[in-house]
Amino acid sequence: MRFADRKTVALGRWVRLRCGTQVLKNIRFSDNVFVGRCCDIGNDTILERNTSLADYVCILSDTHDFDDPCKRAGKMYSSGTTVIGEGAWLGYRVIVLPQVKSIGRGAVIGAGSVVTKDIPDHVVAVGNPARVIHKLNEETIDKTDDTLQYGKETIETALLIDSLSRETA
């Protein structure tokens, strides 16, 4: 695990970071966050309570000014803070691009997806670019929020969403 600047990283309780993960500057891990192996977490990122990142997730934070050909390979700049909402689950090898400001509460992002825009609360999004394919029904949202409210493991939420998604498919 590598921290670019430990002074600017805030860790909540029960944060689990697996080996090979790189954490840059101005990162806040809230309580009960799980980060899989070999993830890259860019500058100015907030992971809210009960979030889960599978292995090889990449949250990009910096970009280039690509409108000006003279600056394309020049100095990088931060595009602002990215918030991964409470109870969100990002699957294996998800890439979150710098222009994304928010992945909603309880959102599930499918493996291999490339997130190019903000994702609303309580949806399943997949693909390149990631598109919402399923809005969780009210019963699922109520159960998800109850699980989050009492601080249970994110995996329980993920299993619940997975089982309910299969029932409705």
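A: Happy to. A nonpolar core is a set of buried Ala, Val, Leu, Ile, Met, Phe, Trp, Tyr and Cys residues joined through side-chain atoms within 4.5 Å. Buried means under 20% relative accessible area, with exposed over 50% and partly exposed in between (1.4 Å probe, protein chains only).

A word on the basis first. This is a predicted model, in which local features need pLDDT of at least 70 and side-chain atom pairs count only at pLDDT 80 or more, while totals for chains, interfaces and linings use all residues. Residues are numbered from 1 along each chain as its sequence is written, and side-chain values use heavy atoms, with hydrogens and water left out.

In the largest core there are 28 residues, and Phe-29, Leu-53, Leu-90, Ile-103 and Val-115 have the most contacts inside it. Two or more residues come from each of β5 (27-29) and β19 (123-126); strands (E, at least two residues) and helices (H or I, at least four) are DSSP runs numbered from the N terminus. In soluble globular proteins, nonpolar side chains tend to be buried together.

Seven strands make up an open, mixed sheet, ordered β3-β6-β9-β14-β17-β19-β20; two strands pair if DSSP finds at least two bridges between them. The edges are β3 (16-17) and β20 (131-135), each with a single partner strand, so one side of each has no neighbour in the sheet. Strand β9 (residues 52-53) runs parallel to strand β14 (residues 89-90), joined by two bridges, and Ser-52 has Trp-89 as its bridge partner there. By contrast, β19 and β20 are antiparallel, with four bridges, and Val-123 faces Lys-135 in β20. These two strands form a hairpin with four residues between them, where Gly-127 in the turn has a positive phi of about 105°. Of the five residues in β20, the count of buried ones is zero.

Two threonines in loops are worth a stop. Thr-21 sits between β3 and β4 (22-23) and is buried, at a relative accessible area of 1%. Its side chain reaches the backbone oxygen of Gly-36 at 2.9 Å and the backbone nitrogen of Cys-39 at 3.4 Å. Thr-51, in the loop between β8 (45-47) and β9, is buried at 0%, and its side chain reaches the backbone oxygen of Glu-48 at 3.1 Å.

Finally, how far to trust the picture? pLDDT is the predictor's confidence in each residue, from 0 to 100; its mean over the chain is 81, and 70% of residues reach 70 or more. Confidence is highest in strand β18 (residues 114-115), at 97, and lowest in helix α2 (residues 154-168), at a mean of 52. Over residues 150-155 pLDDT stays under 50, and the model has 14 contacts for them beyond four places in sequence.

Definitions and conventions:
Contact means heavy atoms within 4.5 Å. A polar contact is a pair of N or O atoms within 3.5 Å; within protein, one must be able to donate a hydrogen and the other to accept it, and residues adjacent in sequence count only if both atoms are side-chain atoms.
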